[in-house]
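Student: I have a model to go through. Can we talk about the fold and the charged pairs?

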Amino acid sequence: MCGIVGYVGQQSAGPILLEGLQRLEYRGYDSSGIAVLDRDGALSVLKRQGKLRDLEAAIGVMPPGAAGIGHTRWATHGTPSDRNAHPHASSSGDVVVVHNGIVENYRSLKALLDAAKPERARSWQSETDTEVIPELIARELNQGRSFVEAMRACLGLLHGASAIAAFHRADPSRIYAARKGSAGGIVIGYGDGEMYLASDLPALLPHTATVYHLEDGEIAVVDSQGAVVHRVNQPPLRPVSRQVDLDPVAVARGPYRHFMLKEIHEQPRALSDTIRGRARLDPPSALADEFELSDDQLRSVERVLVIGMGTSLHAAMIGRWWIEQIAGIPADFDNASEFRFRAPVIGPSPLVVSVTQSGETIDTLGAMDHVRDRWGAPQIVITNVEGSEATRKADASILLRCGPEVGVASTKTFVGSLAALYLLACRIGRARGVLDDGELTERLEQLLTAPSLVERGLELSKRCKEIASSYTGAANFLVLGRGIEHPIAMEAALKCKEISYVHAEGYAAGEMKHGPIALLDQQFPVIALATRGPLFDKMMSAIQQVSARQAPVIAIGDEGDAELAELADHYIGVPPANDLLTPFALTPVIQLLAYHIALARGLDIDQPRNLAKTVTVE
């Protein structure tokens with residue numbers, strides 16, 4: 001599973017497929033491949049383990065053909081290899097498929113196919129689950145079904161979510177797409193006498209901004225003139241396309257060495273764009289427009305649950321804090337991957353808020369389904385992708401306006417999510433009468449300082465680089481925080497793991513003496529988040545205990561804090577902020593520290609090993 005592209009038209013398909021796959025590299029992958037079909041049904045399939053440059057080098061002369069599909073793969077079944085890379089073909093070679101998702105019952109399906117055709121038993125060409133899909137489609141075609149009917153029958157046999165693009169050598173003028181469940185989307189792009197497929201909108205740039213998102217259960221037949229969508233028990237229809245606004249320049253790296261560094265520096269603008277028009281001071285209002293839940297609905301809420309995964313979970317933890325402090329309502333956070341499997345009790349009159357940068361994270365979508373099916377509670381999604389699956393499941397959406405995020409490790413979508421959660425807390429507080437005009441104005445004025453807090457933090461890049469150079473050989477980090485800074489400590493540790501490949505743990509400083517203190521010595525650096533908030537004295541006590549064990553201390557606190565600087569081995573001063581806004585002041589520094597450690601270690605920062613931008617399988 002990972003990235004899908006497709007093309008049918010008048011141009012040579014190969015270069016277009018490669019370009020589309022390059023635009024999906026940010027999702028991460030370990031192999032890639034393309035399949036091109038010419039008008040006579042002649043098929044060329046090229047696959048390579050490794051980066052796209054390896055595939056491109058292997059191609060040499062681009063095969064002819066005006067229809068094709070391509071894929072970048074993260075290994076889930078079978079090791080990364082040429083033979084396990086997509087596309088996969090049926091044993092006859094007539095049906096070719098690329099696939100995102102997991103076929104959970106692929107072993108039983110292989111046994112079914114082997115039993116029906118014993119000579120097929122030892123001819124499987126890969127270790128993947130995907131290979132059963134073209135074989136199942138081919139079996140149905142041999143029984144006289146149309147390709148759409150064959151795909152429908154195949155989907156009915158598959159357990160688990162899948163997104164599929166395919167073609168049939170007997171019909172070289174068409175490509176097909178199907179979607180079952182939440183394995184990531186399929187977007188159809190409309191051109192002039194040509195059509196495109198992709199799993200993500202950026203792959204369609206700069207060809208078209210006219211698109212249609214395939215819905216769950218739909219199968220699309222795409223030729224050079226358009227698309228026809230087939231739904232269960234309904235006549236075929238021409239889908240209604242829409243225009244999207246994606247600037248091709250936004251996905252270019254520009255002067256920055258890495259996309260991650262570019263996106264770290266885009267955070268002030270991402271924040272401003274996300275806040276723009278949603279935080280109004282005269283008269284004061286938060287999320288007054290484009291928000292589908294009414295004040296009456298928000299007044300009826302008795303508890304808020306915020307769910308997410310990874311970086312989005314850390315945003316959810318901070319959001320819980322703001323909802324309690326600003327809106328004055330009980331709130332909690334939960335890990336989406338665990339939430340639906342423990343039979344949770346979410347209480348009376350809940351509001352569920354899902355945070356997902358892509359809007360396609362399968363665990364979060366599953367949690368949203370669980371909430372809908374079990375409680376029918378109102379749901380809000382905070383996401384960076386308009387039209388994503390999460391926005392279609394939720395009752396209301398807050399779009400981040402951060403622009404495409406190419407680096408696999410989330411940065412600007414994290415601060416965008418924070419801004420959205422803060423605005424939501426203000427909106428709930430206002431609807432419930434907790435905030436009067438003056439208090440709401442004060443809260444919003446504080447939020448409007450967030451972009452400048454981040455911008456001033458970015459000025460500390462040189463200092464972060466200096467400190468990082470001292471710890472490129474460190475095998476472990478402990479990151480400590482208290483209160484609202486504890487989730488930032490966890491995010492700092494996650495960034496160290498994601499891009500620096502350094503084991504790091506984010507801990508509540510009050511927990512340090514309950515185990516982690518046993519690890520501390522001269523080789524175990526500790527990053528301490530210690531701004532001058534209500535828990536500053538407790539953080540100072542924790543730092544003193546770390547120093548007593550001779551562990552190096554990297555302290556991040558308010559600029560000009562001589563007391564903190566004297567106690568620490570290294571000190572980074574961030575702009576002082578209101579207690580509730582310290583996450584904005586601290587975030588760019590912890591990102592830059594992780595970035596510079598990874599840079600000094602010579603690592604692939606934009607595409608860390610084993611990670612994918614959008615997690616579409618469990």
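This is a predicted model: local features need pLDDT of at least 70, side-chain atom pairs count only at pLDDT 80 or more; totals for chains, interfaces and linings use all residues.

Student: What is the strand order in the open sheet of five strands?

Tutor: The order is β18-β17-β19-β20-β21, with parallel pairing. Strands here are DSSP runs of E with at least two residues, helices are runs of H or I with at least four, and both are numbered from the N terminus. Two strands pair if DSSP finds at least two bridges between them.

Student: Which strands stand at the edges?

Tutor: β18 (331-335) and β21 (396-399); each has a single partner strand, so one side of each lacks a neighbour in the sheet. On average, neighbouring strands of this sheet are turned by 20 degrees against each other, direction ignored.

Student: How many bridges join β17 to β19?

Tutor: Five bridges join β17 (residues 303-308) to β19 (residues 350-355), and the two run parallel. Arg 303 has Pro 350 in β19 as its bridge partner.

Student: Which strands does helix α13 lie across?

Tutor: Helix α13 (residues 412-431) lies across β17, β19, β20 (379-383) and β21, at about 165 degrees to β19. Helix α9 (residues 311-327) lies across β17, β18 and β19, at about 170 degrees to β18. Axes are lines fitted to C-alpha atoms, for helices over the stretch in contact (heavy atoms within 4.5 Å). Angles run from 0 to 180 degrees between N-to-C directions.

Student: Now the core. Which residues have the most contacts inside the largest one?

Tutor: Val 304, Trp 322, Ile 556 and Phe 584, in a nonpolar core of 92 residues. The largest share of this core, 13 residues, comes from α13. A nonpolar core is a set of buried Ala, Val, Leu, Ile, Met, Phe, Trp, Tyr and Cys residues joined through side-chain atoms within 4.5 Å. Buried means under 20% relative accessible area, exposed over 50%, and partly exposed in between, with a 1.4 Å probe and protein chains only.

Student: Is Thr 274 buried or exposed?

Tutor: Thr 274 counts as buried because its relative accessibility is 0%. Thr 274 is found in helix α7 (residues 267-275). Beyond its neighbours within four places in sequence, its contacts include Leu 400, Cys 402 and Leu 423.

Student: Switching to charges: how many salt bridges does the structure hold?

Tutor: The structure holds 34 salt bridges, each a side-chain nitrogen of Lys or Arg within 4 Å of a carboxyl oxygen of Asp or Glu. One of them pairs Asp 369 with Lys 393 (2.7 Å, N to O). That pair links distant parts of the chain, with Asp 369 in helix α11 (residues 362-374) and Lys 393 in helix α12 (residues 389-393), 24 residues apart. Asp 369 and Lys 393 are both buried.

Student: And what does Arg 532 form a salt bridge with?

Tutor: Asp 561, with the closest N and O atoms 2.8 Å apart. Arg 532 is in the loop between β24 (526-529) and α18 (536-548), and Asp 561 is in the loop between β25 (553-558) and α19 (562-567), so the pair ties together parts 29 residues apart in sequence. Arg 532 counts as partly exposed at 40% relative accessibility, whereas Asp 561 counts as buried at 6%.

Conventions: Residues are numbered from 1 along each chain as its sequence is written. Side-chain values use heavy atoms; hydrogens and water are left out.
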